Amino acid sequence: MLPVALTTLFAVAVSAQATAQICRFVCPNIGQDLGTESLGSDGSAEGCFYPPSNGLSGFRFASYDSNGNLIPGSASSNNEGETRAGTFCTEVAVGWSFAQGQVCIADSPSSRILERDTFIPLPPSGNSPEACTAACDAQGFTLAGVEFGSECHCGTGFTATIAPSPHTNCNMVCTGNSSEVCGAPNLIQVFQGPDPPRAAQLPAGWHVFADTPCAQDSAARMFTDTLIAGPGLAASDTPAACVAFCAGLGFTKAGVEGGDECYCGTEFRSTPQALDPSLCTFPCQGAIGVTCGGDFAIELFELS
């Protein structure tokens with residue numbers, strides 16, 4: 001049980017393996033199914049409903065605040081007097097947390113809840129929240145979800161308003177860690193990562209070229225003094241990697257294009273001509289969750 005002094009949603013302890021334990025308050029587990037559970041984004045368990053039992057009539061109800069304490073007056077007359085909320089903890093990659101403060105969310109194979117839902121096959125060590133969040137982080141996604149014990153999904157947002165489910169319903173053991181759970185059939189545990197993702201985080205002083213973030217390029221190339229990063233960066237190309245490469249060589253402008261191309265320069269050959277952003281949507285070779293331009297369409301960055 002977490003200390004009463006907890007006033008934020010998460011309790012985080014960073015390990016040497018760059019993982020963190022995150023915890024939040026949930027409805028107490030009293031040995032029977034929850035009827036419904038409403039979890040607040042501040043870590044409170046706002047509404048806990050249990051079916052009738054032990055000869056009592058009606059549902060039992062209680063609410064717990066963001067410190068895990070029973071809210072005075074919230075317990076129904078047939079509540080069994082649980083004065084503390086339960087806790088749900090899991091390990092994730094550092095910088096990740098419960099998405100919208102929820103533990104268990106409805107999903108559907110025919111209509112995925114994650115925007116740009118991408119299934120990530122994990123190594124033989126198997127699936128777990130820490131493995132899935134690390135994999136999605138590395139691929140430039142801002143959301144990661146574990147489902148059906150073995151499945152790891154990555155995404156960039158939600159496709160619809162989420163439908164939370166009681167945390168006890170996400171009860172399938174993770175294939176990569178038998179001490180943790182990884183969702184259930186049609187139920188997913190979703191975690192929120194850095195936004196923008198690390199693959200799109202630029203060095204200090206650099207920013208997206210605001211006038212034309214997606215610009216027309218040509219065989220003559222965008223810059224008068226163009227340096228092409230070449231095949232050495234192609235497989236790991238991302239905005240973060242490209243800009244860091246150009247900045248390290250003293251250039252003040254950079255651009256990613258074609259999914260695996262990185263260009264550096266200091267002066268534009270001519271005023272960049274804006275393209276529709278939909279033309280700059282090739283997934284980066286280094287992280288498929290972020291984009292690296294398109295066909296002669298370049299995403300531009302510059303040093304202030």
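**Entry 1: a cut-off before anything else**

I call a residue buried when its relative accessible area is under 20%, exposed when it is over 50%, and partly exposed in between. I also remind myself that this is a predicted model. With the cut-off in hand, I looked up Cys27: its relative accessible area is 1%, so Cys27 is buried.

**Entry 2: the disulfide of Cys27**

I stayed with Cys27 and asked which cysteine it is bonded to. Its partner is Cys48, and the two sulfur atoms sit 2.1 Å apart. I then checked where the two ends lie: Cys27 is in the loop between strand S2 (19–26) and strand S3 (36–39), while Cys48 belongs to strand S4 (residues 45–50). That makes it a link between distant parts of the chain, 21 residues apart. Cys48 has 0% relative accessibility, so this end is buried as well. The torsion about the S-S bond comes out at about -85 degrees, and the disulfide is therefore left-handed.

How many disulfides does the structure hold? I find 10. A reminder to myself: each such link is a covalent bond between the sulfur atoms of two cysteines.

Next I picked out the disulfide of Cys242 and Cys262, with sulfur atoms 2.1 Å apart. The value about its S-S bond is 80 degrees, and the link is right-handed. Cys242 is in helix H3 (residues 239–248) and Cys262 is in strand S21 (residues 261–265), so the pair ties together parts that are 20 residues apart in sequence. Cys242 is buried because its relative accessibility is 0%; Cys262, at 3%, counts as buried too.

I then looked at Cys246, which is joined to Cys264 with an S to S distance of 1.9 Å. Here the value about the S-S bond is -75 degrees, and the link is left-handed. Cys246 lies in helix H3 and Cys264 in strand S21, so this pair ties together parts 18 residues apart in sequence. Both Cys246 and Cys264 are buried.

Putting the two side by side, helix H3 and strand S21 hold the ends of the Cys242 and Cys262 link and also those of the Cys246 and Cys264 link. The handedness is right for the former and left for the latter.

Then I went through pairings of S16:

- Strand S7 (residues 97–98) pairs with S16 in the antiparallel sense over 2 bridges; Ser97 has Gln192 as its bridge partner in S16.
- Strand S11 (residues 143–147) runs antiparallel to S16 over 5 bridges; Gly145 has Val190 as its bridge partner in S16.

For background, most residues other than glycine have a negative phi, and most peptide bonds are trans. I went looking for exceptions.

Which form does the peptide bond from Asp195 to Pro196 take, cis or trans? It is cis, with omega near 10 degrees. I placed Pro196 in the loop between S16 and strand S17 (206–208).

Arg116 has a positive phi, near 55 degrees, and lies in the loop between strand S9 (114–115) and strand S10 (118–119). Its relative accessible area is 39%, so Arg116 is partly exposed.

Arg221 has a positive phi as well, near 75 degrees. Its place is the loop between strand S18 (214–216) and strand S19 (227–228). At 18% relative accessibility, Arg221 falls under the 20% cut-off and so counts as buried.

**Entry 3: the largest pocket**

Last, I turned to open space. The largest pocket holds about 340 Å³. Which residues lie nearest its centre? They are Val208, Cys280, Thr291, Glu299 and Phe301, out of a lining of 14 residues. I sorted the lining by class: 10 residues are nonpolar, 3 are polar and 1 is charged.

Methods: Residues numbered from 1 in each chain as written. Predicted model: local features only at pLDDT ≥ 70, side-chain atom pairs only at ≥ 80, totals over all residues. Heavy atoms only, no water. 1 Å grid on protein atoms, 1.4 Å probe; cavity = no way out; pocket = protein on both sides within 12 Å on 5 of 7 lines; lining within 4 Å. Points joined across faces, edges and corners; volume = space filled by probe spheres on them. Nonpolar A, V, L, I, M, F, W, Y, C, P; charged D, E, K, R; others polar. Pairing = 2+ DSSP bridges. Helix = DSSP H or I, 4+ residues; strand = E, 2+ residues; numbered from the N terminus. Disulfide = S-S within 2.5 Å. Buried < 20%, exposed > 50% of the residue type's maximum accessible area, 1.4 Å probe, protein only.
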